[in-house]
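I opened my notebook to record what I could look up in this structure. My entries follow the order in which I looked.

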Amino acid sequence: MIKLTLPLSHDAIVNLEAGDQVLLSGTIYTARDAAHKRLIGLLNEGKELPFDLVDQIIYYVGPTPNKPGEIFGSGGPTTSGRMDAYAPTLLDLGLKGMIGKGLRQQSVIDSIQKNEALYFGAIGGAGAYIKSCITSCEIIAFEDLGPEAIRKLEVKDFPLTVVIDSKGNDLYKLGKEKYLRGRTNG
Amino acid sequence: MREISEKEIIEVVKTMCIDANRQLPKDVTLAIDRAYQCEDSDLGKETLGILKENASLAYETLTPICQDTGMVCAFVEIGQDVHVQGSLEGAINEGVRLGYQEGYLRKSVVNDPLFDRKNTTDNTPAIITYDIVEGDQLKIIIAPKGFGSENMCQTKMLKPSDGVQGVKDFVLKVVEDAGPNPCPPIVIGVGIGGSFDRVALLSKKAMLREIGTHHEDERYAALEDELLTMVNDLGIGPAGYGGKTTALSLNIETYPTHIAGMPVAVSICCHVARHKEVIL
């Protein structure tokens, strides 16, 4: 388990490999379908984004409403593939990482490699567990989108796995191959 | 004619929506425990461990197991000797509305699928399937379905000549196409027969059937076991990181079909295979 504190240095990023397990701490931003559409809309209109993307990490999540007295609701990752159309544009603007679950298309993998960024996998469906890693939450944009509003989160020891590393290696491909190879040999 | 009030239905639907989202069914919990014991990939075992802890935390802290608290699928069996005072559909939707509000569940339903896509803000309407049966009871199953896995379901109209091999090939293709997206380990329901629309419903009912139960025809029961082994030999594993446990179960439901056809549908549910049932 590798402990990582945000923002990530260039060295930290390039040293991580697909399959590495990390505990992430620091500030991240949430955005999923509708928020991405609006971010790209703002860029197309030449307007400023609600937060500076440079060296930041976006978590693809739409949490449940938090109960009174709680900071955050249930909040596991959503399927990343729906953000594939938007991700390369954000990576070109300096985004350094995405947290989600599920396959990314080749154009996103290429963009991750080109921009020396990372794609982390969080455990899908582990919303109650992940809730316990979130120490603060503030809605900073698009409040009308409800669960899809952009939130600034402070996380502590958020358990993640590097799925696509800065060299473009993809754990979804490699992990399966490694497991099947082990079975044939074993 | 037995009378059942709207109020009674609203109350049970509300409670089932809340409980289903916080409490993993016993058969699913046991299946994850078994998978945890058997998993031989390190990342896979770690993932299953987190899922076990997640389920306990959800139960103890009254937090939804998953943030996608789903669109509510309601399966209703109405005894022909039951009369509901008021609107049955209205009562189910009112139960959903109250449950999603009072249970702090996420509202994930949009009013129009293509143009407006405006959130209805109360998670209604539910998708209700009615069956009329003999007797004077009313059975309601509430199954909140997340769309990470729903998006991975597929239907295909096979030719009769495609035979058993055709069914196997299609099931494996659907699971392989889905890969890590539906949050494996998954629960699979396969429908075979009926018509284009009926086969999808069969697959969903198969998906909701208790883990460990088998089709009553031993040929289909054997196919359930064989297909589950084949799926788990794909190596996708928990979270898609590689491993033995791609699926926790695979159930088949069948129906007679036309001489010219062999519809097949594959429903996939994530490991958060939620459902609650009540008989009034």
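**Ground rules**

I am working with a predicted model, in which local features need pLDDT of at least 70, side-chain atom pairs count only at pLDDT 80 or more, and totals for chains, interfaces and linings use all residues. Residues are numbered from 1 along each chain as its sequence is written, while chains are lettered from A and ligands numbered from 1 in the order in which they are written.

**Chain A overall**

I looked up the secondary structure of chain A and found 6 helices and 7 strands. Helices (H or I, at least four residues) and strands (E, at least two) are DSSP runs, numbered from the N terminus. Read from the N terminus, the elements of chain A go β-α-β-α-β-α-β-α-β-α-β-β-α. The radius of gyration of chain A is 16 Å, close to the 16 Å that the globule rule gives for 186 residues, so chain A is as compact as a globular protein of that length. That radius is taken over C-alpha atoms, and the rule is 2.2 Å times the number of residues to the power 0.38. Along the principal axes, the C-alpha atoms of chain A fill a box of roughly 55 × 40 × 30 Å.

I then checked burial. A residue is buried if 20 or more other C-beta atoms lie within 10 Å of its own, exposed if 12 or fewer, and partly exposed in between, with C-beta atoms placed from the backbone. In chain A, 47% of the 186 residues count as buried.

**Helix α2 of chain A**

I picked helix α2 (residues 33-44) of chain A next. Its 12 residues should span 16 Å at 1.5 Å a residue, and its end C-alpha atoms are 17 Å apart, which agrees. The expected span is 1.5 Å times one less than the number of residues. Which residues of α2(A) are buried? They are A35(A), H36(A) and L39(A). Seen down the axis of α2(A), these buried residues fall within an arc of 100°, so they line one face of the helix. The arc is that of the directions from the helix axis to the C-beta atoms. I noted a general point here: an α-helix has 3.6 residues a turn, so residues three or four places apart point the same way.

The buried residues of α2(A) pack against β7 (150-164) of chain A. On the other side of α2(A), G41(A) and N44(A) are exposed. Just after α2(A), G46(A) takes a positive phi of about 75°.

**Chain B overall**

Chain B has 8 helices and 10 strands. Its radius of gyration is 19 Å, close to the 19 Å that the globule rule gives for 280 residues, so chain B is as compact as a globular protein of that length. I read about 50 × 50 × 40 Å for the span of its C-alpha trace along the principal axes. Of its 280 residues, 49% count as buried.

**Domains of chain B**

Chain B is divided into domain 1 (2-20 + 65-145) and domain 2 (148-273). Such bounds come from an automatic or database domain assignment. The C-alpha centres of the two domains of chain B lie 26 Å apart. I counted a contact where two C-beta atoms, placed from the backbone, lie within 7 Å. By that test, 7 residues of domain 1 of chain B are in contact with 5 residues of domain 2 of chain B. Strand β5 (residues 138-145) of chain B gives the most to the domain 1 side, with 3 residues.

**Helix α2 of chain B**

Helix α2 (residues 26-38) of chain B has 13 residues and reaches 19 Å from its first C-alpha to its last, close to the 18 Å expected. V28(B), A31(B), I32(B) and A35(B) are buried in α2(B). They cover an arc of only 100° around the axis, which puts them on the same side of α2(B). Their cover includes α3 and β8 (247-257) of chain B. K26(B) and Q37(B), on the other side of α2(B), are exposed.

**F196(B)**

I found F196(B) in helix α7 (residues 196-208) of chain B. Is F196(B) buried or exposed? F196(B) is exposed, with 12 other C-beta atoms within 10 Å. Leaving aside neighbours within four places in sequence, F196(B) is in contact with T155(B), M157(B) and P263(B).

**Between the chains**

Last, I looked at the contact, which takes 36 residues from chain B and 38 residues from chain A. Helix α3 (residues 42-61) of chain B gives the most to the chain B side, with 9 residues.
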